Amino acid sequence: MGEQLLAMQLFAQLDHLTAQDERWFGQCLMSLGHCERAIEHYTRAIEMGCVEARIDMVRPLLVVHSQKDAEMALDSFDPEQLQGYNRPLWYRNASTVLVMKKDSEGSLQHAREAWRTIQGLAEFPFIAPKVLFELSDTYDHMGDAKLAIYYLDRADEISSYKYNISIKLSRIALYYKNGKYSLIVPLIKELLQKDEYSAFHHMADLYMGHIYRIRNQTDEAINSYKKVIALLQDDISKEMELQARVLLSSIYALQRRKIECFHEESRAKDLAISKVGDFHLSLRILYNDFALDRRTADDVVLDLMKIEGYCKEEGDIGLWLRAGMILSEIYCSAYPEKFSDKIEEVLMNITYYKFYYHMRSEWYYLPRSFAFVGEKYPNLMEEKNEKIKLVTIDREELLIENQAIALPFRKIVEIIAYLKYKNGARISEIVTDVFGEMEPDKGRNYFHQIKHQLNDKMDAVRIEFDKKSKKYILVADLPIHWDLESIIRENSTFKGIFLPSSGSDWVIELNQKLSE
């Protein structure tokens, strides 16, 4: 199942399609994010007699907001009567439905049953990552980030193919919810480089837009949301495009760009097809009304309080908190005597529900409230204090928060270690010391390829040219913990091999020096 594109090519060559062929092809399409097309092939499989394809139909139906149809598909089976991998697949999909119904305990019970019933099946390598992914998702909804990441790591280990898109996307979402933004960017860039997963590029760009807002990079955020909109112009599911347009409209409102704001609002109104979408849009329009002075503060506050109350009653914590945050901003401007109590109430609720990072990008739109929070509670919403680890003793790795970063060139770790050791170096020094076995032109080209790849893949550490010193230097947004640094600083000996795969002269000399 890891070679979905090859499978699709083989499918096109089949002369006589069976019901199982149609079901199998639907699974391939679903893996690549083509929900509507997957539904078409599952429907054909069912019509041809493969009723078990109804189980597969559940997840794409949830994506296109047909929860009732998804539940009906599950209800048409007694799971204990299902054979083979159909039984754990039913429990796994039932777990997903229960998560959406906010029944975390029921979801966890079904996910565990899926894991129990899959043991010993021939399809274990294919189904196991999906079940572990479900366990991760359930624990995430229960607020247990550690267990969510643990089961996601297990799914990654067992996955029968190297690039499991569901696991990557879930990892991005988990890191975002837990404030680990520097871990997200390499994953997003990696995803965007894979053309076969173009159906998921809009999700990557949406997250990048959120991160740019958090980091107050407005132009980059606007470009990211515009990319999302462009990618989804012909997509049947409009939820993501709605999100991008309403977020973009409020950026324009904050900048007082009235025409662009109104344009995005108008387009968004055609896309709101669910209650959540309607309330998301209404919140943003109310914010825009206030930011652009289109309505009085009294009117906006009255409508916001209605939405705030309704969302609290419905249990939609995210929209309830957003409504409260926007109210606090309006109070700060129009009713300063009410501001302190309201912002404290909002912060108490954010703390109680552990929504620090869920709401982090929302503060971008609320500069007065954010200034107050930053001054009074400076540690409340800081980006997680991640560390870059440069491992060079006995192995060569670059890690952020203990997650290894996939690097395309063998020499990348050596280049980072060299620039850290030398505190920057001229291109001539780099070519001589690191690429001495190559012709100078080839060494220079190789270095620039490495520089480009590192800067393109990483967010937290980059190689840049310093015009003053005319040296290439490391620029890091996070502290780099190099395993050899303290040994060099204290001029002590160590047991091990520095950069074991390198044969460069500077590495050999440093190994000799450290071993003396």
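Colleague: What makes S4 and S5 a hairpin?

Modeller: Four residues lie between S4 and S5. Lys 470, in the turn, has a positive phi of about 60°. Bear in mind that this is a predicted model: local features need pLDDT of at least 70, side-chain atom pairs count only at pLDDT 80 or more, and totals for chains, interfaces and linings use all residues. Residues are numbered from 1 along each chain as its sequence is written, and side-chain values use heavy atoms, with hydrogens and water left out.

Colleague: How do you know that strand S4 and strand S5 pair?

Modeller: Two strands pair if DSSP finds at least two bridges between them. S4 (residues 461-466) and S5 (residues 471-476) have six, so they pair. The sense is antiparallel. Ile 463 stands opposite Leu 474 in S5. Strands (E, at least two residues) and helices (H or I, at least four) are DSSP runs, numbered from the N terminus.

Colleague: What is the order of the open sheet of four strands?

Modeller: The order is S3-S2-S1-S6, with mixed pairing.

Colleague: Why is one side of S3 and of S6 left without a neighbour in the sheet?

Modeller: S3 (403-404) and S6 (480-482) stand at the edges, because each has a single partner strand. S6 runs parallel to S1 (residues 388-391), joined by three bridges. Leu 390 stands opposite Trp 482 in S6.

Colleague: Why does Asn 349 count as buried?

Modeller: Buried means under 20% relative accessible area, exposed over 50%, partly exposed in between (1.4 Å probe, protein chains only). Asn 349 has 18%, so it counts as buried. Asn 349 sits in helix H19 (residues 336-352). Beyond residues up to four places away in sequence, Asn 349 touches Trp 320 and Leu 321 (contact: heavy atoms within 4.5 Å).

Colleague: What makes a set of residues a nonpolar core?

Modeller: The members are buried Ala, Val, Leu, Ile, Met, Phe, Trp, Tyr and Cys residues, joined through side-chain atoms within 4.5 Å. The largest such core has 73 residues. Ile 415, Ile 430, Leu 484, Phe 498 and Trp 506 touch the most other members. Helix H10 (residues 165-177) gives the largest share, eight residues. A second, separate core has 51 residues, including Leu 247 and Leu 380.
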